[in-house]
Amino acid sequence: MRGAVIHAPGDVRFEELDDPEISRPTDAVIRTVATCVCGSDLWPYRGAEPVDEPQPMGHEYVGIVEEVGSEVTNVEPGQFVVGSFATSDNTCPNCLNGWQSSCLGREFMSTCQAEYVRIPNAHGTLVATDDQPDGEFVPSLLAVSDVMGTGWYAAVAAEVTPGSTAVVVGDGAVGLCGVIAARELGAERIIAMSRHESRQKLAVEFGATDIISERGDEGIARVKDLTGGIGADSVLECVGTPEAMRQALHSARPGGNVGFVGVPHDVAIDGQELFFSHVGLRGGPAPVRAYLPDLIDRVLTGRINPGKVFDLTLPLEQVAEGYRAMDERRAIKALLKP
Ligand SMILES: [Zn+2]
């Protein structure tokens, strides 16, 4: 089979790889129906994370089950399945508490930009749809496997409640999905921070009621203007830079909450500042598996359409162009089809 391999920053190649095989009884192998490039894939692509040796890439996927190990009884060959970037057995104490992305047997996916993928912990990770979904649903189901699940977690971690005010920091795919999540969880006012017109439009379509294009202290001042001078109840930090985290912490009101899901890079939090802010803070890799049945249902009933974040669709063999387009911000998110 063929798949994407990063050799060095800026150097992603589509090349011949070994076919994945069942190596443990809890594995499955799927034939990829759609995969994509993640904002976090851009960290090594941009040299912000080291690439010591050639590495397969990709952690978002939907596909058709090809083969299952002897202990995989929840899905069977031929079924359309959605999974998560973090695999989980769904039975350990952390999974039972709803924190599947901290599963004691967790393995992170990293080989999904390929024609076939081995899914570890398939028994606890994969969720099959009742029928083969129409093609129009595939982008949204793919989004559920990471960006929509992560945006959902950001809103849950930020404790968005009906009638509340939420600020979303970051207008990438996760931030835009965070807008959807805040709306679904009942936020009355959703302030999206974005400087890009096409992303502002999508944010409004997804439920944003206000757009702030300023950043830094000006951005914080604009949030305060819109929230009676005190800040928002909930803030979703969906970037992972020091600037975005500062923006988020200063945009929350005393007693408010920040959910942070951008993978932090050089983010340091000042203990005194956090102490006196009275702001609650929770982040981490999203327990997407916990949300899969609900989010799949919201997609298939037409309630949410997070697949709109894919503004570029390419054949998988043009994966390198997907990275380039996202790196140059010509695309919000690139969907890849084998
Ligand atoms: Zn577990």
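User: Leaving aside neighbours within four places in sequence, which residues is Val-168 in contact with?

Analyst: This is a predicted model, in which local features need pLDDT of at least 70, side-chain atom pairs count only at pLDDT 80 or more, and totals for chains, interfaces and linings use all residues. Residues are numbered from 1 along each chain as its sequence is written. Two residues are in contact if their C-beta atoms, placed from the backbone, lie within 7 Å. With its neighbours within four places in sequence left aside, Val-168 is in contact with Gly-175, Gly-178, Val-179, Ala-182, Ile-190, Ala-192, Met-193, Leu-236 and Cys-238.

User: What makes a set of residues a nonpolar core, and which residues have the most contacts inside the largest one?

Analyst: A nonpolar core is a set of buried Ala, Val, Leu, Ile, Met, Phe, Trp, Tyr and Cys residues joined through C-beta atoms within 7 Å. A residue is buried if 20 or more other C-beta atoms lie within 10 Å of its own, exposed if 12 or fewer, and partly exposed in between, with C-beta atoms placed from the backbone. The largest such core has 107 residues, and Ala-166 and Val-168 have the most contacts inside it. At least three residues of this core come from each of domain 1 (2–146 + 287–337) and domain 2 (150–283); domain bounds come from an automatic or database domain assignment.

User: How do you know that β14 and β15 are paired?

Analyst: Strands (E, at least two residues) and helices (H or I, at least four) are DSSP runs, numbered from the N terminus. Two strands pair if DSSP finds at least two bridges between them. Five bridges join β14 (residues 232–237) to β15 (residues 252–260), and the two run parallel, so they meet the definition. Glu-237 stands opposite Phe-260 in β15.

User: Why are β13 and β16 at the edges of their sheet?

Analyst: The open sheet has six strands in the order β13-β12-β11-β14-β15-β16, with parallel pairing. β13 (210–212) and β16 (280–283) each have a single partner strand, so one side of each is left without a neighbour in the sheet.

User: What is the order of the sheet with three strands, and how many bridges pair β1 with β2?

Analyst: That open sheet has the order β2-β1-β4, with antiparallel pairing. Six bridges pair β1 (residues 2–8) with β2 in the antiparallel sense. Val-12 in β2 is the bridge partner of Ile-6.
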